[in-house]
Each structure stands twice: as C-alpha cells, then as structure tokens.
Amino acid sequence: LCDLTLALIVLAVAWPLMILTAIAIRLDSEGPILYRQERVGRHGRPFTVLKFRSMRQDAEAQSGPVWARENDPRITRVGRFMRKTRLDELPQLFNVIGGSMSMVGPRPERQTFVERLAAEIPYFRQRHIVKPGLTGWAQINYPYGNTVEDASQKLQYDLFYIKYQSLLFDLSILFNT
C-alpha cells in the first residue's frame, strides 16, 4: 500500500518532467522512447522493467549483454544527462504500481548478470527474497558499478537492507534518494 501510494504521488508530480524527457529522447535519436528489458525480481521470477531509452537502439546488437561503462559510446547525448540525473528510471514507477517492483529494494539485474554474479559471489541470490526497488540502500551508498567486485560490495548493502528492512529504514532511504 505504501509503495502504491508513494508511486502514484511521485508519478503525479513527475509526469511533466517525464513528458519533457520523452520529447528530448525523440528529438535526440531514432528508436522507441521506452526501453523494455527482462530483469530478475522477487523469488527469481522474471519481469519486464520499463526505462527511458538512454542508449542507441542497437546498443547490444554486436556485443550481447554487457555492463555500461564510463564514456560508453552506446549512450546517447540525452541518455548521458538522463543517467546522471536518474531520469531514465522514472518509468519504473509503473513497475511499482503494477507490483513487480517496490520503491525501495535491491536493484533488479538481468538474468545473464545474475547467473554470472551468483556463480562468483556467495549469497548473491539472497537479494531476491524481497522485491527489487527503484532505489535502495546500495544505490545511495555505493556508486554505479560495472564489475563483479562492485556487485560484491553492493551485495553487502543489499543484505544489510534485507536484514534490517523497516518502514523507517525505507523512509530514510527515500529521503536520501
């Protein structure tokens, strides 16, 4: 109920910004405005996450799934701004409203990365006992990561969040976000 209420409030406030973001994407590059991608959710179940498209439409056509890196040539001009300001994440409010995500929780990952990280990092799958979140303890305490070592460090924050999850802790994370 808290997730749904908060997501609707944020959506009501953010919709003008979302419309401007959609227009900027359309003017900057060809392709769809929204990007749909399968991610791993609670109990390891897949779901489709919605994001504003920040990369070229054919970003993984030759490489397959890879983490974004600093100065990634696949990211569009508008995409750089969206990623820096996290505007690309706003459509995930619809995932929260639909129940596949929470406002606060571990960042949802792609199945390819989950398999790889679970093979290299003990307890990595433990993060799937809660719904993934739009924001989380790891997101506000650790910079954007693109290595196994980064994922291991972020897992420590995710496991701490899961262990001490509470309404007050969630409100603190939302305030810090």
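Student: Which residue just after α2 takes a positive phi?
Tutor: This is a predicted model. Helix α2 covers residues 77-85. Just after α2, phi is positive, at about 65°. The residue is Arg86.

Student: Where do the buried residues of α2 fall, seen down the axis?
Tutor: The buried residues in α2 are Val78, Gly79 and Met82. Seen down the axis of α2, they fall within an arc of 100°, so they line one face of the helix.

Student: What do the buried residues of α2 pack against?
Tutor: Val78, Gly79 and Met82 are the residues in question. Turned away from their side are the exposed residues Arg77, Phe81 and Lys84. The buried residues pack against α1 and β2 (46-52).

Student: Is Trp15 exposed, partly exposed or buried?
Tutor: Trp15 lies in helix α1, residues 2-28. Its relative accessibility is 48%. Exposed needs over 50%, buried under 20%. Trp15 therefore counts as partly exposed.

Student: Which side chain makes a polar contact with the side chain of Thr135?
Tutor: Beyond four places in sequence, Thr135 is in contact with residues including Met103, Ile140 and Thr177. The polar contact of its side chain spans 2.7 Å. The partner is the side chain of Thr177.

Key
Residues are numbered from 1 along each chain as its sequence is written. This is a predicted model: local features need pLDDT of at least 70, side-chain atom pairs count only at pLDDT 80 or more; totals for chains, interfaces and linings use all residues. Side-chain values use heavy atoms; hydrogens and water are left out. A polar contact is a pair of N or O atoms within 3.5 Å; within protein, one must be able to donate a hydrogen and the other to accept it, and residues adjacent in sequence count only if both atoms are side-chain atoms. Contact means heavy atoms within 4.5 Å. Helices (H or I, at least four residues) and strands (E, at least two) are DSSP runs, numbered from the N terminus. Buried means under 20% relative accessible area, exposed over 50%, partly exposed in between (1.4 Å probe, protein chains only). The arc is that of the directions from the helix axis to the C-beta atoms.
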